[in-house]
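Subject: Structure for your review

Dear colleague,

Please find below the structure that I am handing over to you. My findings follow it, and I would be grateful if you would read them with the coordinates open.

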Amino acid sequence: MALFLAYDVANNPLNTNEWAFPVCEVLHILGFAIGIGTITMVNIRLLGLGLKKESPADLWKGTFPWTLGGLALVLITGPLIFSSDPTMYLRNEGFRFKITMLVLALIYHYTIYRKVALTKTSGGVAVMAGLISLVLWVSVVFGGIFIAFV
Amino acid sequence: MPPEIVQWFQDMSIATAIRESALVFPVILSLHLTGMGLFGGMILMTDLRMLGITLTKHPVSDIVNGLRPWKHLGLTLTATCGILLLWSKAAIYYPNPYLRIKLMLFALIIIHAIVFRGVYRNVADLDRATVIPGRAKLAAVLSIVLWISVVTAGRWIGYWEPKGAPVNAAQVIN
């Protein structure tokens, strides 16, 4: 608690170093491109739109480390960006929406979605699982951009 | 390009509508980023497959050919939104050196596609190859470097300010 009270954003390297903030943002974008891009590969397969030579389970397994790596990069750089101005972010509607969608997306991805991708599920369930995933992740991206506009 | 022409582009009614709307500009920007999210990872997966690093259980041609239409779709979405964003603030973006760097990187990406077209056209050859040829590996590495540079230059566009004249609130580029 004492540590928290002593925190002064003005001393945060993200606010004092000209490069730190944009570098974090670039890594954040690269992280979500890798994370969401690989999730989309599994989605395309679940929706029955392409990559039909591969099974959803094989695609999940093949992309798994990269999805995790991309999401890890996002979850490291995100809190760093947040630390540059916590009070602003906590009040920001875009940020609140984004974090809600992110938590839902992460839980969904590693529970229900994982199960659907790894088991031989029929068309309707697979399509539903893919659509929910797509909507959740796109919402996270929209929430992130709207932080700067609300 | 004469500044008048850039200003004329920016002053067109569609550009003005995008720029001045509280909703349209951020929605297009979000779609620009969504497009990146949807296909950026696929570019990396294609390149890493060609390098023999990931998805090694699947033939190279399955991954490269299977992802191609989706990468094109994502690129179309990202590029369309990017052009609309650029158009809406043409005069503001025009002197920005990072925009110019980004456009030059796109020129390099086109050159990359021309130089290595043989690699991508005959990608099925890689399925049978015991060792992936150096030319294919070079194509993959350069692709990763170029696309990461594009993202970096793109983000830096928002941090540059013209010297002397302070940027007013309406011109802040996010």
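Predicted model: local features only at pLDDT ≥ 70, side-chain atom pairs only at ≥ 80, totals over all residues.

Chain B

Along the principal axes, its C-alpha atoms fill a box of roughly 60 × 30 × 25 Å. Of the 174 residues in chain B, 30% are buried. When contacts in this chain between residues at least 6 apart in sequence are considered, 74% of them join residues at least 24 apart.

Within chain B, helix α6 (residues 97–115) packs on α9(B) at an angle of about 160°, and their axes are 8 Å apart. That angle makes α6(B) roughly antiparallel to α9(B), and their crossing is left-handed. On the α6(B) side the contact involves B:Y98, B:L99, B:I101, B:K102, B:L105, B:L108, B:I109 and B:H112, which meet B:L142, B:S143, B:L146, B:S149, B:V150, B:A153, B:G154, B:W156 and B:I157 in α9(B). By class, the residues of this contact are 12 nonpolar, four polar and one charged.

The contact of the two chains

Between the chains, 29 residues of chain B are in contact with 31 residues of chain A. On the chain B side, at least two residues each are supplied by α3 (24–50), α4 (60–88) and α9 (134–157). The largest share, 14 residues, comes from α3(B). The side of chain B that touches chain A is made up of 16 nonpolar, 10 polar and three charged residues.

One helix pair across the two chains is α7(A) with α3(B), whose axes come within 9 Å and cross at roughly 135°. This crossing angle makes α7(A) oblique to α3(B), and the crossing is right-handed. Here A:V138, A:V141, A:F142, A:I145 and A:F146 in α7(A) meet B:P26, B:L29, B:S30, B:L33, B:T34 and B:G37 in α3(B). The residues of this contact comprise eight nonpolar, three polar and no charged.

Helix packing in chain A

Helix α7 (residues 123–146) of chain A also packs on α3(A): the two axes come within 9 Å and cross at roughly 160°. Angles over 145 degrees count as roughly antiparallel, and α3(A) and α7(A) are therefore roughly antiparallel to each other. The crossing of α3(A) past α7(A) is left-handed. From α3(A), the residues A:F32, A:I36, A:I39, A:N43 and A:L46 meet A:A126, A:V127, A:A129, A:G130, A:S133, A:L134, A:W137 and A:V141 of α7(A). This contact has 10 nonpolar, three polar and no charged residues.

In soluble globular proteins, nonpolar side chains tend to be buried together. The largest nonpolar core in this model has 63 residues, and those touching the most other members are A:A33, A:M41, A:V42, A:W137, A:V141, B:M42 and B:M45. At least two residues of this core come from each of α3, α4, α6 and α7 of chain A and from each of α3, α4 and α9 of chain B. Leaving aside neighbours within four places in sequence, A:V42 is in contact with A:P56, A:L59, A:W60, A:T63 and A:A117.

Individual residues

Most residues other than glycine have a negative phi. A:L51 has a positive phi of about 50° although it is not a glycine. This residue lies in the loop between α3 (20–46) and α4 (56–83) of chain A. A:L51 has 23 other C-beta atoms within 10 Å and is therefore buried.

In chain B, phi of B:L55 is likewise positive, near 50°, in a residue other than glycine. B:L55 lies in the loop between α3 and α4 of chain B, and with 23 other C-beta atoms within 10 Å it is buried.

A:E93 is placed in helix α6 (residues 93–118) of chain A. Because A:E93 has 11 other C-beta atoms within 10 Å, it is exposed. From A:E93 to A:S139 the separation is 46 residues in sequence and 13 Å in space, C-alpha to C-alpha.

With kind regards

Methods. Residues numbered from 1 in each chain as written. Chains lettered and ligands numbered in written order. Contact = placed C-beta atoms within 7 Å. Helix = DSSP H or I, 4+ residues; strand = E, 2+ residues; numbered from the N terminus. Nonpolar A, V, L, I, M, F, W, Y, C, P; charged D, E, K, R; others polar. Buried ≥ 20, exposed ≤ 12 C-beta atoms within 10 Å, placed from the backbone. Axes fitted to C-alpha atoms, helices over the stretch in contact; angles between N-to-C directions. Parallel < 35°, antiparallel > 145°, perpendicular 65-115°, else oblique. Left-handed = near helix turned anticlockwise from the far one by under 90°. Core = buried A, V, L, I, M, F, W, Y, C linked by C-beta atoms within 7 Å.
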